[in-house]
2 protein chains.
Amino acid sequence: MGLTIYDIAKEAGVSASTVSRVINSRPGIKKSTREKVEKILKESNFSVSEAARGLVNQTSRMIGILVSDIRNQHHIEGAYMIEQHFMKLGYCSLILNAGDTDESKADYIRILSSRRVNAVILIGSAFQNSAVEEAIKDYIPNTPVIFQNGVFSLPNVSSVLSDDVAGTYEAAAYLYNNGHRHIAYVNGNDTPSNRKKVQGYEKAAEEFGFEPLIKVSEDSAEGSAAVTETLVNEYPEIDAIIYAVDLLGVGASRKLLDLGKRIPQDIAIIGTDNSPFSMLSNPRLSTIDTKLQDLSSACSEILEKAIENPTYREHLVITPSLVLRETT
Amino acid sequence: MGLTIYDIAKEAGVSASTVSRVINSRPGIKKSTREKVEKILKESNFSVSEAARGLVNQTSRMIGILVSDIRNQHHIEGAYMIEQHFMKLGYCSLILNAGDTDESKADYIRILSSRRVNAVILIGSAFQNSAVEEAIKDYIPNTPVIFQNGVFSLPNVSSVLSDDVAGTYEAAAYLYNNGHRHIAYVNGNDTPSNRKKVQGYEKAAEEFGFEPLIKVSEDSAEGSAAVTETLVNEYPEIDAIIYAVDLLGVGASRKLLDLGKRIPQDIAIIGTDNSPFSMLSNPRLSTIDTKLQDLSSACSEILEKAIENPTYREHLVITPSLVLRETT
DNA sequence: GAATTTTTTGCAATCGATTTCAAAATTTTT
DNA sequence: AAAAATTTTGAAATCGATTGCAAAAAATTC
C-alpha cells in the first residue's frame, strides 16, 4: 500500500526519474529498462498519486458538475453525458448536488475551486443568482464554466439553454388554434426557468386574448393532482391545462380521469420536458420537448473546446418543439 | 489566480506556516495576526489547494461512487444519499458511471485508487465479477468498500443487499395463493441480481408445482411490450406475469390493455423495485419493494463507521416486501 | 531590570510525483 | 583505439500545502 515511484525505482535499480518516464511513456528510455520497470510496476500493483501528479502539472484532470437536483432525471442525464464524454478524455467527474440556498450553492463553487477542477458545469436554472455569479467571478474567474439552462455575463461562462418562453408560448398557441379558449397554467417550483415559462404563457394569453389563469403546485404528482382538482372544480369551463413539468401533467391526468373527465375531449393536457416517463404514462402525455438531450451534448462539445482553448465561449439557445401524443 | 499561502504570507508579512495555521484554525496564533491574515485571505479570494493538502495529509477527502448505470433511478438515488451524507462531513464525491465490460469496471477501481479516495461504494450487482474483485484486492486492499447489491469475500468489503430470491419467491407465492396457476416471468438484462430473482421464481414454481415459463426482454418499456405480446399470444393460458424491473411491468401493462386484456382480472402483473413511476403508472403497478431507500441509508452509515474505524465491516441483507396496487 | 516562563512565530523537511540540465553510457565515425 | 555524436540516466529543484522543532517575542516572576 502507498507505494511511491521511489519504491519502484529502488526495486528496479533505477532512479525515480526513469520510473516517471516509463509511467508517462516518455521517449529516450532504453527498451530493456523500460520493460524491467514496467514489469515491476505491474507486479507491485502500483498506481500513481494523481494528487502529486496534479500538483506538479497544475491540473486536477477533474470536471466539476454542479447539479441543482441530481435525482431529477434531466439533470442526471446531462451529468451522465458529460461524465462519459470526459472520462474518455481521462477526466474524472466531481458530481455535487447543490444545496438549497443561493449562498450554499456559491459554497460549492468554492469547493470546486479548492479542488482545482479543469472546468465546471452548472446544471439547472437554480444557479441563476448573484451569489453564484460572485463566487465564479471571485474564485474561478479563469476556469471554463458552462451553464446549462441559465446565463451569466462573465467572460468565462458559456451557456446552453432552451427557450422556455417560446416553448410554453407555442404550446398555448397550439391549444388556442385548436379551439381551446380556457387554457390554464400550473407552475412548479419558483425557478428562473419556470418564471420564463409563465412569461410565455402570459404572452400567448395576451396575444390571443384569453384570460390567463395560473396556479402553483409543489413538484410531485400528488401535489399536482390536488391543485388540478381544485382548479377544475373552481373553473369548470377550463378545457386545457399546461404544466411546467411532465410529472405534474402525469399526476393531473390521472386525477382528471378519476374525476370522470375525458382526455383530451374534455380537457387537453400538455406537460414540459419530454421526460422518459411522459411516453410511458397512460394516456401518453403530450409535452413541450425542451431538447435536453441536445442541450447536454452541446454542453460536452462546448466544454471540450473551452478546455483546449481557454478563451472559447459560446451561447446557444435551443428552441423547444411540441410533441403531440394522446392528451391533446 | 493560483495564489499560494506564500503569496498570502508575503502580503501579511508573516511566514507560510502562520498562514497555514490560520487557515486550519490551529491554536497558538496571536489574535491580531490571525485577524490580519484572515482579512487578506478573504480579500484575495484565496482557496487552498486540496491536492497539495491531500499530499501531506495522505488523504483526498473524496469518496468514490461507482455506479453501473447512473441513469437508473435507483442507482442515482443511492449515489445521492451518499453524496449528501459525506458532503456534510467535508468529502467530495467522485461519481463514475462504470463501463460495459467486467474489465472496464475493474479499470475504474484503478482510477479510484490513483485518486486515493477514502472509501468506495459500488452500486449495482453488475460489479459482481472476478475482474472487479481482483482489482479491489490488488489496488485498494485497505480502502473501505461497500457493495450495494452484491458481495465479495474480501476483508475490506462490506455489503448491503436485498434478498432477491426471497422477493420474487414471495411475489410468485402471493399470486399462486390467490388462484393464479399460470405464472410467467419476464427477466431483464443478465445481471447477478436478476439471476437471483429467477431463482426465486423457479423455487416457487417447484414448490407450488406450476410450470415455470421465463422470457427475457431488453430493458425498455417497448422491449417488454413486444415480449409480453408474444408471450400471451403463444401461451393464452397465462394469468399472471412477474417482471424483473418495474419499467418492464409498466411497458407490459400498457400493451396488455391495448390487446384487450383486463388487468388484473385476466392477467395480474407484478414489477420489481417499487420505482417512483410504478406508482404513477396507470393502472398503478403492484411491485416487489426491494427497499432501496433503506439500502442506501444503511450504506451511508456503514461507510461512515468504516472510515472512522478501518476494520469495521458489516453484511446486511434486507428482505423485500410486496406492495399491492392495482395490477393484482 | 534581570531572569524565567509562556506565547508566537519561522525554518526546513516532507508528501509523491515531474522535469531540466548535466553526467554517464553507448554508439558511430574517424 | 581515440574522438565525436548520440542515447540513456540521475541529481536536484519544483508544485503548494503541513508540521516538528528551535528561536524570537512577550508576559511573568523575582
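How many disulfides does the structure hold over all chains? The count is 0, and the close-ups below start with the cysteines behind that answer. Keep in mind throughout that this is a predicted model.

**View 1**
Let's begin with Cys299(A). The closest cysteine sulfur to its own sits in Cys92(A), and at 19 Å that is too far for a bond. Cys299(A) is also buried, with a relative accessibility of 0%. Now hop over to Cys92(B): its closest cysteine sulfur belongs to Cys92(A), 13 Å away, and that is again too far for a bond. Cys92(B) counts as buried too, at 2% relative accessible area. With a disulfide calling for sulfur atoms within 2.5 Å, the total over all chains comes to 0.

**View 1. Chain A laid over chain B.**
Two copies of a chain are related by a rotation about an axis and a shift along it. Here, turning chain A by 180 degrees, with 0.1 Å of shift along the axis, superposes it on chain B with an RMSD of 0.1 Å. That is how a two-fold axis relates things. The copies use the same surface as well: of the contact residues of chain A, 100% recur in chain B.

Which residues make the nonpolar surface patch of about 370 Å²? They are Leu55 and Val56 of chain A, plus Leu55 and Val56 of chain B. Helix H4 (50-57) of chain A and helix H4 (50-57) of chain B are the elements that each give two or more residues to this patch. Take Val56(A), which lies in helix H4 of chain A: its relative accessibility is 66%, so it counts as exposed.

**View 2. Ala52(B), on helix H4 of chain B.**
Stay with helix H4 of chain B and you'll find Ala52(B) there. Is Ala52(B) buried, partly exposed or exposed? The answer is partly exposed, at 26% relative accessibility. Ile8(B) is 44 residues from Ala52(B) in sequence, and the two C-alpha atoms are 16 Å apart in space.

Ser113(B) belongs to helix H6 of chain B, which covers residues 102-114. It's tucked away from the surface: a relative accessible area of 6% makes Ser113(B) buried. What does Ser113(B) touch, once residues up to four places away in sequence are set aside? The list is Tyr139(B) and Ile140(B) from its own chain, plus Ser47(A) from chain A.

Arg325(A) is buried, though its relative accessibility of 19% sits just under the 20% cut-off. Leaving out neighbours within four places in sequence, its contacts are Asn274(A), Ser278(A), Met279(A), Arg284(A), Leu285(A), Ser286(A) and Thr287(A). Pro283(A) is 42 residues away along the chain, yet its C-alpha atom is 8.3 Å from that of Arg325(A).

**View 3. A salt bridge from chain A to chain B.**
Side chains of opposite charge can pair when their charged atoms come close. Over all chains, a search of the whole structure turns up 22 salt bridges. One of them pairs Arg254(A) with Glu326(B), whose closest N and O atoms are 3.1 Å apart. Arg254(A) sits in helix H11 (residues 246-258) of chain A, and Glu326(B) in the segment after strand E12 (321-323) of chain B, so this pair joins two chains. Arg254(A) is buried at 12% relative accessible area, whereas Glu326(B) is partly exposed at 29%.

**View 4. Salt bridges within a chain.**
In chain A, Asp69(A) bridges to Arg71(A), with 3.3 Å between the closest N and O atoms. Both ends are partly exposed: Asp69(A) has a relative accessible area of 26%, and Arg71(A) comes in at 31%. Over in chain B, Lys39(B) pairs with Glu43(B) at a closest N to O distance of 3.4 Å. Why are these two separated by about one helical turn? They are 4 residues apart in helix H3 (residues 31-43) of chain B. Both Lys39(B) and Glu43(B) are exposed. Back in chain A, Glu103(A), Asp107(A) and Arg110(A) form one network through salt bridges that share partners.

How values were computed: Residues are numbered from 1 along each chain as its sequence is written. Chains are lettered from A and ligands numbered from 1 in the order in which they are written. This is a predicted model: local features need pLDDT of at least 70, side-chain atom pairs count only at pLDDT 80 or more; totals for chains, interfaces and linings use all residues. Side-chain values use heavy atoms; hydrogens and water are left out. Copies are superposed by least squares on the C-alpha atoms of residues with pLDDT of at least 70 in both. Contact means heavy atoms within 4.5 Å. Patches are made of residues with over 30% relative accessible area and no salt bridge: like charges are joined within 9 Å, nonpolar side chains (Val, Leu, Ile, Met, Phe, Trp, Tyr) within 5 Å. Accessible areas come from the Shrake-Rupley method with a 1.4 Å probe; for residues, only the protein chains shown count as cover. A salt bridge is a side-chain nitrogen of Lys or Arg within 4 Å of a carboxyl oxygen of Asp or Glu. Buried means under 20% relative accessible area, exposed over 50%, partly exposed in between (1.4 Å probe, protein chains only).
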